[in-house]
Amino acid sequence: LVWLDAASDGDAGSGSDGGDTGDATNGGTCPPAGLVETFDTLAHASAAITGRWQVCTGEQNLAQFAPADSVGLEFGPASSGGGVCPQWSPTAPCLGGALYFLVAGPTGLTRGAGRMYQYEYGLMGDPTSDPQLEFVSAWGGSWGTTFRYSPAPRELDVASFGYQGGATMVSIP
């Protein structure tokens, strides 16, 4: 995958490493990434990632940190001070909410059952220069990373999952 930064001179950056695992949207590959959107506020960044995402490359990286049958993520709506914000950013601006790992179900992707499939997330930092995305598991494990977002096609590239590489995901209904 090649991601083009809308604010750059056209130099391309590479997407996440990982094997092509396919997805229900396009039959096996991530669509070519579009321009990377820049954010002016944390609310803008939050609106971009809220929703359901299926991994199309880097599924093995997600599976090494999440439950092994996880194939996607669902970011719930964020609120000021929600999610992991009290722990990670008690005084700085932060938006956070619930994060769910998605698994393959009989009619499509669904939230995994049980506490290990639910995390919390928070967005903090300067939204104009790679806002930080923090995750905390139900048992206290945590990691932080950066991400890139393309609105057309709608793709999310998460830089890392804990000590693992990242994943590129496509938006799903």
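1. Ground rules. This is a predicted model, in which local features need pLDDT of at least 70 and side-chain atom pairs count only at pLDDT 80 or more, while totals for chains, interfaces and linings use all residues. Residues are numbered from 1 along each chain as its sequence is written, and side-chain values use heavy atoms, with hydrogens and water left out.

2. Salt bridges, part one. How many salt bridges does the structure hold? There are two, taking a salt bridge as a side-chain nitrogen of Lys or Arg within 4 Å of a carboxyl oxygen of Asp or Glu. One of them brings together the side chains of Glu74 and Arg111, at 2.8 Å from N to O. That pair links distant parts of the chain, since Glu74 belongs to strand S5 (residues 70-75) and Arg111 to strand S8 (residues 108-111), 37 residues apart. (Helices, H or I with at least four residues, and strands, E with at least two, are DSSP runs numbered from the N terminus.) Glu74 counts as buried at 12% relative accessibility, whereas Arg111 is partly exposed at 41%. (Buried is under 20% relative accessible area, exposed is over 50%, and partly exposed is in between, using a 1.4 Å probe and protein chains only.)

3. Arg111 again. Have a look at the ring of Tyr100 too: the charged end of Arg111 sits over that ring, 3.6 Å from its centre. (To count, NZ of Lys or CZ of Arg must be within 6 Å of the ring centre and within 35 degrees of the ring normal.)

4. Salt bridges, part two. Asp157 pairs with Arg148, and their closest N and O atoms are 2.8 Å apart. Is Asp157 buried or exposed? Asp157 is buried, with a relative accessible area of 4%, while Arg148 is partly exposed at 22%.

5. Aromatic pairs. A search of the whole structure turns up eleven. (Rings of Phe, Tyr and Trp, the last by its six-membered ring, pair if their centres lie within 6.5 Å; planes under 30 degrees apart are stacked, over 60 edge-to-face, and the rest tilted.) One of these is Phe39 with Phe147: the ring centres are 5.9 Å apart and the planes are at 45°, so the pair is tilted. Phe39 lies in the loop between strand S3 (35-36) and helix H1 (42-49) and Phe147 in strand S12 (residues 147-151), so the pair ties together parts 108 residues apart in sequence. Both residues are tucked away: Phe39 is buried at 6% relative accessible area, and Phe147 is buried at 3%.

6. Phe39 has another partner. With Tyr149, the ring centres are 6.4 Å apart and the planes are at 35°, so this pair is tilted as well. Tyr149 is in strand S12, and 110 residues separate Phe39 from Tyr149. Tyr149 is buried too, with a relative accessible area of 7%.

7. The aromatic cluster. Which residues form it? Phe65, Phe75, Phe101, Tyr119, Tyr121, Phe135, Trp143 and Phe161 form one cluster.

8. Disulfides. The whole-structure search finds two, where a disulfide is a pair of cysteine sulfur atoms within 2.5 Å. Cys30 is joined to Cys56, with 1.7 Å from S to S, and the link is right-handed, with 105° about the S-S bond. Cys30 sits in the loop between strand S2 (12-14) and S3, and Cys56 in strand S4 (residues 51-57), 26 residues apart. Cys30 is buried at 9% relative accessible area and Cys56 at 0%.

9. The other disulfide. Cys85 and Cys94 have their sulfur atoms 1.9 Å apart, and their link is left-handed, with -75° about the S-S bond. Cys85 is buried at 1% relative accessibility, and Cys94 is buried at 6%. Counting bonded cysteines along the chain, the disulfides follow the pattern 1-2, 3-4.

10. A closer look at Phe101. Leaving aside neighbours within four places in sequence, Phe101 is in contact (heavy atoms within 4.5 Å) with residues including Leu62, Gly72, Leu73, Arg111, Met116 and Tyr119.
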